[in-house]
Amino acid sequence: MAGSLSEIKGKIASTKKTKQITGAMQMVSASKLTKSEQAAKDFQIYASKVRQITTDLMKSELLTESTNPMLLSRPVTKTGYIVITSDKGLVGGYNSSILKSMMDTIHEYHPDDHDFEIIAIGGMGADFFKARGIDVAFELRGLEDQPSFDDLAPIISKSIDMYDKALFDELYICYNHHVNSLTSQVRMQQMLPLTDLDANEATDDLSFELEPHREAILDQLLPQYAKSIIYGAIVDAKTAEHAAGMSAMQTATDNAKQVINDLTIQYNRARQAAITQEITEIVAGASALN
């Protein structure tokens, strides 16, 4: 019984240490989440202005059949997917929901293994696809918790360059959209060609003096707009990742508390049984002497 008590006591001590670790990780994730939510809000202000300027400048093109390659839909022979996952685990079902959605899409729409390209952000996704024999055209690992545009510039520019060179004819981004600290939603959002611009959003009473000319400005503005919406999706995904990490660590901490409570009850019962047995043995020995 002494060995059993010692064993239970050791389990309680180790579980308490685990609880301290998961509790600390929960607080770290909560801090990262707060910063990411603020970064996402700040970016939305910028993104809305870029969208408004782009829509105002392109009202006439949006009302007609545009010939700009960023807006022009072409026959789809190959599709590109940017898949955003985390670099590490301990984020609950954050990665599994994205990867399941992506594999369902591949099975449904891409029976031919050569009619799609994967661009992976995050080591978990890159390793997942490679383990299943799916080629990854480009990958980015070790992303900062609050990534800047410069951090993401290589993979964003690479994605748009691949589209410009017709290595694929449309580009989607698969990620977890942050709803709140407890909820996220898997999104499969089309990035290219740009189909979300609406001429009805244009401001009617504005006129622009353009220098050098409209086409030259649009050649610079449209890629910048495309980069901004891809960047926004990545920031959104990182926010959802921090929320998932916080939730997972909170669940782990709560489970550790429950395990400690159960082990404490088990320890007290075992200790009581040991004391009762010792008293019984003493009484039995005294009786034998009489």
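Two strands are taken to pair if DSSP finds at least two bridges between them. Helices (H or I, at least four residues) and strands (E, at least two) are DSSP runs, numbered from the N terminus.

Colleagues, the structure above is a predicted model, in which local features need pLDDT of at least 70 and side-chain atom pairs count only at pLDDT 80 or more, while totals for chains, interfaces and linings use all residues. Residues are numbered from 1 along each chain as its sequence is written, and side-chain values use heavy atoms, with hydrogens and water left out.

Let me begin with the sheet. Five strands form an open sheet with mixed pairing, in the order E3-E2-E1-E4-E5. Strand E3, residues 136–140, and strand E5, residues 183–192, stand at the edges; each has a single partner strand, so one side of each is left without a neighbour in the sheet. On average, and ignoring direction, neighbouring strands are turned by 20° against each other. Angles here run from 0 to 180 degrees between N-to-C directions, with axes as lines fitted to C-alpha atoms, for helices over the stretch in contact.

Which strands does helix H5 touch? Helix H5, residues 149–164, packs on the sheet and touches E1 (79–84), E2, E3, E4 (170–180) and E5, where contact means heavy atoms within 4.5 Å. The direction of H5 makes about 160° with that of E3.

I turn now to the loops. Leu90 lies in the loop between E1 and helix H3, residues 94–109. Although Leu90 is not a glycine, it has a positive phi of about 65°. Is Leu90 buried or exposed? Its relative accessibility is 58%, so it counts as exposed; the classes are buried under 20% relative accessible area, exposed over 50%, and partly exposed in between, with a 1.4 Å probe and protein chains only.

Ala166 sits in the loop between H5 and E4. Ala166 also has a positive phi, near 60°, and is a residue other than glycine. With a relative accessible area of 47%, Ala166 is partly exposed.

Pro193 lies in the loop between E5 and helix H6, residues 214–289. A cis peptide bond, with omega of about -5°, joins Leu192 to Pro193.
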